[in-house]
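Hi,

Here is the model I said I would pass on. Have a look at it first, and my notes follow below.

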Amino acid sequence: MPEPGGNAASTPLMGGATEPTLAQFSSPGRRAWSLPRLDVPVSDVALPEMAEQPPLLPEVAERDLVAHFNRLAHRSFGVDLGAYPLGSCTMKYNPKVCDWAAEQPGFRDLHPATPGTLTSGALALLLEAERILCELTGMQRATFQSPAGAAGELTGLLVMRAYHGENDSPRSRVVIPDSAHGTNPASVASAGYEAVHVPTNRRGMVDLDALRHLVDDGVAGLMLTNPNTIGLFEQDIRAIAEVIHAVDGLVYYDGANLNAILGIARPGDMGFDIVHSNLHKTFATPHGGGGPGAGPVAVVERLVRYLPGPLPEARSDGSLGWFQPEASIGRVHGHHGNFGVVIRALAYMRALGGSGLRRVAERSVLNARYLAALLGDEYEIPYDEPCMHEFVLSVAALKRDTGLRAVDVAKAILDYGYHAPTMYFPLIVQEALMVEPTETESRETIEGLAAAFRSIAQMARSEPENVSRHPVFTPVRRTDDVAAARRPLLTWFMEG
Amino acid sequence: MDFTPHTAADVEVMLEALGMTDVSELFSHLPAEVILQGALDLPEPLAEAEVMAHMEHLARGNRQGLICFAGGGIYDHYLPPVVRSLAMRPEFVTSYTPYQSEVSQGVLQALFEYQSMVAAITGLPVANASLYDGASAGLEAVNLAAVATGRATIWVSAALPPPTRQVIDTFAQARGIEVVDHPIAAGRTSWDETCAGQPAAVLFAQPNYLGVIEDYEAAVRLAHDRGALAVVQVDPMLLGVLRTPGHAGCDVVFGEGQPLGSPMSFGGPGLGIFAVALDLLRRIPGRLVGRTVDENGATAYTLTLRTREQDIRREKATSNICTNQGLNAVAAAVHLAWLGPWGLAEVGRQSIQKAHYLAKRLAELPGVSIAVEAFAREFPVSLPINPHQAVAAMAERGYLAGIALDAFPQVSNGMLVAVTERRSRKEIDGYVDSLEEVIAGA
């Protein structure tokens, strides 16, 4: 059995002391900046609303600035340091060649207002990424404007609204499973709909009979993740789509779990009409500590007319340009979306090609299934169905026996040098831990993860107090989140 | 290329443990009617060098090296190498939203420092850890104002940047929000004090889209007289020289933060800056990092006030936002710290001086006039020729001349021109000479 701390990649290189803030490095007169001297004749520009003095920013030397941020980096964990089995987030390896591509001057220094005739490369890139995405999802066209998955959901829901609006059939409700991501109900509310919840059946899938009871012609559509948030493929997906289509509703695919079915099955063939995908999950673009992401929205042919504009197009003379779909919902981003993320995603798609993308699905499912098999006798896996690219454990039995909770297992995992799984989601599983190893972890890493989980379960039964003290090898011990919320200190001005 | 580490032997061992002999068995439980028969129409895999060649080919398809005089929210400011060097550290780049605070202290503290510096430049006490971009941050401000006041109308300056206005328009109808325009006179918003009703927000940009400095007092007084929030979009690169919106009494400040730390990158990823007054703290959308202690009493950072967020509050959340622009916020923190108060002020001063130098020179050209006064670093030029033609002809001479002002017909043949501290006198003089040729040749 492995020992905690044995390979805790999250331990800072040197010392455990608190890192001061930039404000604490600041001293009047210090500076890092330099700018060329003003080389135009100085004129007396009298403007209103000028400040008497500049804002209260820190004054630091570049040397201290560099040391500070590098020390901060040492106090964080990332995929580049080790396994990150954070369920639903698809924390796979982010290839460096994709970052390289985004930094090409022809992309990096491109202003969004550059006329279309001078941006053929960017337009070609968007069209190429769109074609691959549409082929993978079975859709007709896609917009890259939506800058994240949740923004994609909102965009898709507005497309839904525009569709029913144009057909003079306004709807008020959108159905989501009780296992849905929190962004789904929040997006539904933001789009002006009421969220209606359909329960999950004993197999961990949408309860088809309950759905039939819920659906009438006041329903605009259904939002669904497939594989769902329990990691199971919805067996009745065709029938589910038929129930919605029977009332002229639209079926929305939340692409959070697209990784599991690349090249295996397509949302379009399952009956979905609108598909968002998370380039920062499925297509390996880095998550950046919380963005930037990209949440392109792809639709079937009859919905193309509503997509946000402008969309790129290849014209009959061979040139590339922009056009506005005839019933476009309008802009959802100030410019062309998170273009830098799309560059990385296209580099990834081209590197892998069709066969490599299919291998992603195969090996992400293989890794998850193998890990689940290695854990099944130590942890409860509440639904007895074969998982896809992720699975959900329940620590409820362990809690009954020992008082330890899902959070205790998650915090202990950190001390073995791995990131924790997603905790307490989906909401329908008690003491849930959602585990997604991704396809880029080796067999040895999967076995190492399994050994760490098993070691924790065994320790929990013999000496539970030893589990609840974790993490101890991390830059800080468990943080007091209650105190943080009770007295919010959100800037360095709020202290002292 | 293949980023999976499995050997054939690994796959065999793993399948055997599952009682399988072929990977296709992993999917045998899927309904047969949805399983793809045969391969999709997708390209062949490429070697790394081939990927690079292809991406280089696409990048070269864009006109490179244009000297940039376009703005409209995305600006070509000097970006010091230290920003890339630090923000591209893999721990910042390859981590998720910092839910596990104990292994995310670096990201959390960097975002805390970002929040602190945004509070400093906006003059408001609370800033979040970023939104997507300036335009969608404007939409979040409108939502916040509607919920905070229980009202459904917003009053908007006609000189609000069109991207912001368009994104608000996209969502306004779905949320039952009515948008009322207030007109422009001589480049500035002329607030209609006789306008009836009780708006949720009075929304404007400082400077406005035409580059002109608005009268803070007029907008803030109008908002507060009507019980509305004063909401302003700012250009962060001018906050070293302009009075802070917090000082001027604004309740919500948002803006496009791209020039802080991010390259132009065709307009994204940018950075949605967002700050509010203290009484709006619990209504703010997006992530917030707070300072706390760990169980040993050591200083620590954590995501806080999480009950506002979608994964906990679901349909009652203040916003649906999950992933935001964390890495761009970290880059902005590095850049702001590199500039400090005096560097940010110098960027603003030089940009304004150079813009006024260019404007003065352009006004000397036959048929050219500057349509406004009291502008900062961006201004509308009225040309004697079609502005789209001018932009195309200037590109042949090596300049991205500006943005054709289609949305502002009050400026005849209008083109919006922006100047940053990066533009040298030589580039500015060259721009004037080229535009003169273009006009003469038209």
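This is a predicted model: local features need pLDDT of at least 70, side-chain atom pairs count only at pLDDT 80 or more; totals for chains, interfaces and linings use all residues.

How many residues of chain B are in contact with chain A? The count is 172 residues of chain B, in contact with 172 residues of chain A, where two residues are in contact if their C-beta atoms, placed from the backbone, lie within 7 Å. Residues are numbered from 1 along each chain as its sequence is written, and chains are lettered from A and ligands numbered from 1 in the order in which they are written.

**Between the chains**

On the side of chain B that touches chain A, helix α10 (residues 326–363) of chain B gives the most, with 22 residues. Helices (H or I, at least four residues) and strands (E, at least two) are DSSP runs, numbered from the N terminus. That side of chain B divides into 92 nonpolar, 50 polar and 30 charged residues. For those classes, Ala, Val, Leu, Ile, Met, Phe, Trp, Tyr, Cys and Pro count as nonpolar, Asp, Glu, Lys and Arg as charged, and the others, Gly among them, as polar.

Helix α2 (residues 62–74) of chain A packs with helix α5 (residues 105–122) of chain B at an angle of about 135°, and their axes are 6 Å apart. Axes here are lines fitted to C-alpha atoms, for helices over the stretch in contact, and angles run from 0 to 180 degrees between N-to-C directions. α2(A) and α5(B) are therefore oblique to each other (under 35 degrees counts as roughly parallel, over 145 as roughly antiparallel, 65 to 115 as roughly perpendicular and the rest as oblique). From α2(A), Phe69(A), Leu72(A), Ala73(A) and His74(A) meet Gly106(B), Gln109(B) and Ala110(B) in α5(B). The residues of this contact divide into four nonpolar, three polar and no charged.

Gln115(B) also has its place in helix α5 of chain B. With 28 C-beta neighbours inside 10 Å, Gln115(B) counts as buried (20 or more other C-beta atoms within 10 Å of its own means buried, 12 or fewer exposed, in between partly exposed, with C-beta atoms placed from the backbone). Leaving aside neighbours within four places in sequence, Gln115(B) is in contact with Leu490(A) and Thr491(A), and also with Ala127(B), Ala129(B) and Val289(B).

**Domains in chain B**

The domain assignment of chain B gives domain 1 (67–77 + 341–441) and domain 2 (81–335); such bounds come from an automatic or database domain assignment. Taken over C-alpha atoms, the centres of the two domains of chain B are separated by 28 Å. Their contact takes 25 residues from domain 1 of chain B and 22 residues from domain 2 of chain B. On the domain 1 side, the elements giving two or more residues are α10 and β14 (378–382) of chain B. α10(B) gives the most to that side, with eight residues.

**Strands in chain B**

Which way do the strands next to β10(B) run? Five bridges join strand β9 (residues 252–256) of chain B to β10(B), and the two run antiparallel. Two strands pair if DSSP finds at least two bridges between them. Glu256(B) has Gly272(B) in β10(B) as its bridge partner. Strand β2 (residues 126–127) of chain B pairs with β10(B) in the antiparallel sense too, over two bridges, with Val126(B) opposite Val276(B). Five of the five residues of strand β10 (residues 272–276) of chain B are buried, so the strand is largely enclosed by the rest of the structure. Gly272(B), Phe274(B) and Val276(B) point one way from β10(B), and Ile273(B) and Ala275(B) the other way.

There is also an open sheet of four strands in the order β13-β14-β17-β16 (chain B), with antiparallel pairing. β13 (369–370) and β16 (403–404) of chain B stand at the edges with a single partner strand each, so one side of each is left without a neighbour in the sheet. β14(B) is joined by five bridges to strand β17 (residues 414–418) of chain B, and Pro380(B) stands opposite Leu416(B) in β17(B).

**A sheet in chain A**

In chain A, three strands form an open sheet in the order β10-β12-β11, paired antiparallel. Helix α13 (residues 406–414) of chain A lies across β11 and β12 of chain A, running at about 40° to β12(A).

Cheers
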